[in-house]
Amino acid sequence: MAGSPPTRPRSFQWTSPSRSISEILCEDRNSEVRHKLLIETARKEHERVREDAERVYREHLQREEQRRLLEEKRREEERIRRDEQIAAERARLNALKAKKVEIPAVLPDPEPLKPTAPASVPATKTPQAAQPPATTANQSKDLPNGTSAEKTSTPSGQSVPGLFNTQPKPNSTQPASTNPFAAKTQPAVNGALTSQGQPNGTTSTSAAAASTVAPSAPAAVPVDRYTVIHGNLKTLRKSMLEQAKVNKQLKECMGDMRRSIRKSVGQLTGGTGGVNKPQQATIMGELRKALANHVGSQLIDPSDFVSEPRNPIQGAQHPQDKLPSLFLYLLNQFAKAAINQFVNEAGARPETADPVGICIAATFSDPDFQWRGASLIDILIAKFRIACPVLFGYRGNEKTERGRQSLGWKKEHGSWVVEQQHMDRMTGLGAGFAAVSLRNFSRVKKENPYPPRNYWTAMAKIVNTPGPEISSTQCVVLKSMIQNYEQKFLEFYGTAALAALRTCLFDFPNRVPPENRTAATNSLGVLAAQLKKDSGLVL
């Protein structure tokens, strides 16, 4: 542009400091030699700058590596410090676990001196109903869960037959008493074991006859029938393995049928609209094939797997005295899969127990799978008896070996499982027991294989525990029996159920001494508050 001053050079247009005016104005400034000299000078300057940049970059990498090593060292020191703390805590915990406190057995009260009867009057005194605890302990030392020698392994001193006498009928309108589980004052011999021999609360004629035995004859310890059934099921399993060695057709189909039933039980889910019909059909189809006995399994006596003797009934299904062993074996596998489902799934989510309970009730109530007019659900109840003895009135001290055995505390690799795992197992089993025993059969023609009175009986045996002997296991089982099933319980027993829930959620935990209360004890009160908030149930 005319008249404008010359453009000022930009900041990046540097002149070479080595070039003087004379050099710029010299005649050979545009010669080839001059250009090569300038290029060589620029190259050396470029190499110098690049070397400086590389040196600075290397120093930066070294500093970064040093900072990284220091940070890694700090993290490792922190990890080692945490590991040392955990190791110290675990060592203290192991020392506490290794410490055992043996509770001595309570000596029996001395018997009063009996007056000498006149010679002309024969002695007609009846024996005492209850046996000394020491006798029970000595004769039940090697029995499974719940039958250990500890004094707390037996049910409370209140009479179980009395519990049945005070049990209201379903949908009864009679007013509830202060304690719906209170028993009438009548003598009973080992209430829990007697109730297992007579699960429906009836008194056998043999028990009535035993009360008139001469005083000099020692009273016999009642046999835990469900424990015997559990042992017979183990014998059946060994027998099936022996049969499979000689019967190839049985060997081929037995494993496939077992896996099919186990898979179907694992696929049971909650929902409506027959969501579980395919699984139910698969299970019943496998049982029917086993009952047809096309593979030629041996015929065995089913009386080894029921709690009471049965006589042939006119018009009943399968009045014969033997059934295919494969059928009973698959019923056992079905019961085992159901118990595993309760433990593995219902322990974390108790609501998942209900579809399994529906499947159990539908299967055992089917007339095709009954024997002499009654179901074979005793196979399942025997597994409940071993896995969760609390449901059958057994109790114990959770801090002793014998007490844990009485409570059904499981062992893995020779040592007891951790407390949380045990409580999860008990939660699932309690919810599963409620799912099986609180089924409504009023709208169907089938007979309920395990009526609600068994739920009432199990609840009564837990609630009748003396306060100092109440354990966290009992509280966890009782809570899982009530949670999600309070409405069904109310449908069956009405106002009596309200009184029972009040006893379970308020009176029962309040009987625990303050020094023995745990989170499991307090959870019963929390459940009562939750029921009031969610469903408006005021106890």
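Reply:

**The core and its surroundings**

In this predicted model, the largest nonpolar core holds 100 residues, and those with the most contacts inside it are Leu326, Phe327, Ile360, Phe384, Met459 and Phe489. Helix α10, residues 325-346, gives the most to this core, contributing 14 residues. In soluble globular proteins, nonpolar side chains tend to be buried together.

Leaving aside residues up to four places away in sequence, Leu326 touches Met240, Leu250, Met254, Met257, Ala290, Val295 and Ser297.

Next come the charged side chains. Side chains of opposite charge can pair when their charged atoms come close. Over the whole structure, 28 salt bridges are found.

Arg288 and Asp366 meet through their side chains in a salt bridge, at 3.2 Å from N to O. This pair links distant parts of the chain: Arg288 is in helix α9 (residues 277-292), while Asp366 is in the loop between α11 (353-364) and α12 (378-387), 78 residues apart. The two ends are classed separately by accessibility. Arg288 counts as partly exposed because its relative accessibility is 36%, whereas Asp366 has a relative accessible area of 7% and is therefore buried.

Arg439 forms a salt bridge with Asp354, and the closest N and O atoms are 3.2 Å apart. Here too the pair links distant parts of the chain, with Arg439 in the loop between α14 (419-437) and α15 (453-463) and Asp354 in helix α11, 85 residues apart. Arg439 has 10% relative accessibility, so this residue counts as buried.

A local pair can be set beside these. The side chains of Arg48 and Asp52 meet in a salt bridge, with 3.4 Å from N to O. Both residues lie in helix α2 (residues 32-98), four residues apart, which is about one turn of the helix. Arg48 is partly exposed, its relative accessible area being 40%. Asp52 is also partly exposed, at 31%. Salt bridges also link Glu40, Arg43 and Glu47 in a network.

Two places in the backbone deserve a check. Most residues other than glycine have a negative phi, and most peptide bonds are trans. His318 has a positive phi of about 55° although it is not a glycine. His318 sits in the loop between β1 (299-300) and β2 (323-324), and counts as buried because its relative accessibility is 16%, under the 20% limit. Arg372 likewise has a positive phi of about 55° and is not a glycine. The loop between α11 and α12 contains Arg372, which is also the loop that holds Asp366. With a relative accessible area of 12%, Arg372 is buried.

The cysteines come last. A disulfide is a covalent bond between the sulfur atoms of two cysteines. The count for this structure is zero disulfides, the test being a pair of cysteine sulfur atoms within 2.5 Å. Cys253 counts as buried because its relative accessibility is 18%. Cys388 has 0% relative accessibility and so counts as buried.

Methods:
Residues numbered from 1 in each chain as written. Predicted model: local features only at pLDDT ≥ 70, side-chain atom pairs only at ≥ 80, totals over all residues. Heavy atoms only, no water. Core = buried A, V, L, I, M, F, W, Y, C linked by side-chain atoms within 4.5 Å. Buried < 20%, exposed > 50% of the residue type's maximum accessible area, 1.4 Å probe, protein only. Helix = DSSP H or I, 4+ residues; strand = E, 2+ residues; numbered from the N terminus. Contact = heavy atoms within 4.5 Å. Salt bridge = Lys/Arg side-chain N within 4 Å of Asp/Glu carboxyl O.
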